[in-house]
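Trainee: I would like to take a close look at the surroundings of the ligand. Could you please describe that part in detail?

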Amino acid sequence: MSSELNNFSDANIPDGSPFHIHLVVSEWNLDITQSLLKGAKKTLIEKGVNPKNIKLSMVPGSFELIYGSKKAQEENPNAVIAIGSVIKGETKHFEFICNSVAQGIKDLNINSKVPVIFCVLTDDNLNQAKERSGGKFGNKGEEAAIAAIKMANFHSKQA
Ligand code: DLZ
């Protein structure tokens with residue numbers, strides 16, 4: 001879980017064994033999202049989550065992470081992780097997708113008790129995406145897994 005720019009504390013990570021985590025993964029830029037998924041799953045299991053309690057749903061692109069995460073919330077897991085990779089092109093599509101996904105996932109967090117973790121890379125180019133999905137800046141999927149366990153624990157204490 002190391003990254004030069006990692007601001008998460010490794011300390012006080014709760015035991016993941018009670019938790020059910022639902023991963024929603026975009027197929028767009030699949031090499032990147034598969035690496036993020038691998039990092040997230042590995043970390044969840046290392047922190048005690050039972051592999052049987054990790055559910056995976058695929059969606060076509062990052063824009064669909066909003067709907068996919070909403071459907072995942074309805075199954076009442078302890079947390080959802082939305083995994084995507086948006087890479088800047090020559091048009092404004094990048095801004096529309098990034099803003100929509102960030103806003104959409106923010107809205108899901110406001111409107112449901114089930115936390116949704118934002119694991120969507122928004123990079124200028126493929127190299128930047130590689131650096132953050134298992135390269136020199138670590139794997140943001142691993143960080144998302146830690147965030148999911150911490151938020152699942154937070155939720156269980158509020159209930
Ligand atoms: C259309 C599109 C483009 C141009 N770029 C990306 C991208 O970099 N990453 C990503 O996850 N998805 C992209 N998409 C697809 C949209 O997210 C969405 O799947 C389509 O617009 C259909 O709603």
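Mentor: Let us begin with the lining of the largest pocket, which is formed by Trp 28, Asn 29, Gly 61, Ser 62, Phe 63, Glu 64, Ser 85, Val 86, Ile 87, His 93, Phe 94 and Ile 97. Two elements, β3 and α3, each give two or more residues to this lining. Please keep in mind that the model is predicted. By residue type, the lining of the largest pocket comprises six nonpolar residues, five polar and one charged. The volume of the largest pocket is about 200 Å³.

The ligand sits in this largest pocket. Around the ligand stand Ser 26, Trp 28, Asn 29, Gly 61, Ser 62, Phe 63, Glu 64, Ser 85, Val 86, Ile 87, His 93 and Ile 97. This shell divides into five nonpolar, six polar and one charged residue. Both β3, spanning 79-87, and α3, spanning 93-111, supply at least two residues of the shell, and β3 provides the largest share, three residues.

We may now turn to individual atoms. In the side chain of Glu 64, an N or O atom is 2.5 Å from an oxygen atom of the ligand. The backbone also takes part: a backbone N or O atom of Ile 87 lies 3.0 Å from a ligand oxygen atom, and for a backbone N or O atom of Phe 63 the distance to an oxygen atom of the ligand is 3.1 Å. As for the ligand as a whole, its accessible area on its own is 480 Å², of which the protein covers 72%.

Definitions and conventions
Residues are numbered from 1 along each chain as its sequence is written. This is a predicted model: local features need pLDDT of at least 70, side-chain atom pairs count only at pLDDT 80 or more; totals for chains, interfaces and linings use all residues. Side-chain values use heavy atoms; hydrogens and water are left out. A residue is near a molecule or strand if one of its heavy atoms lies within 4 Å of it. A polar contact is a pair of N or O atoms within 3.5 Å; within protein, one must be able to donate a hydrogen and the other to accept it, and residues adjacent in sequence count only if both atoms are side-chain atoms. Accessible areas come from the Shrake-Rupley method with a 1.4 Å probe; for residues, only the protein chains shown count as cover. On a 1 Å grid over the protein atoms alone, a cavity is a set of points where a 1.4 Å probe fits but cannot get out, and a pocket is an open set with protein on both sides within 12 Å along at least five of seven lines; lining residues have an atom within 4 Å of a point. A molecule sits in a cavity or pocket if more than half of its atoms lie within 2 Å of its grid points. Helices (H or I, at least four residues) and strands (E, at least two) are DSSP runs, numbered from the N terminus. Ala, Val, Leu, Ile, Met, Phe, Trp, Tyr, Cys and Pro count as nonpolar, Asp, Glu, Lys and Arg as charged, and the others, Gly among them, as polar. Grid points are joined across faces, edges and corners, and a volume is the space filled by probe spheres set on the points.
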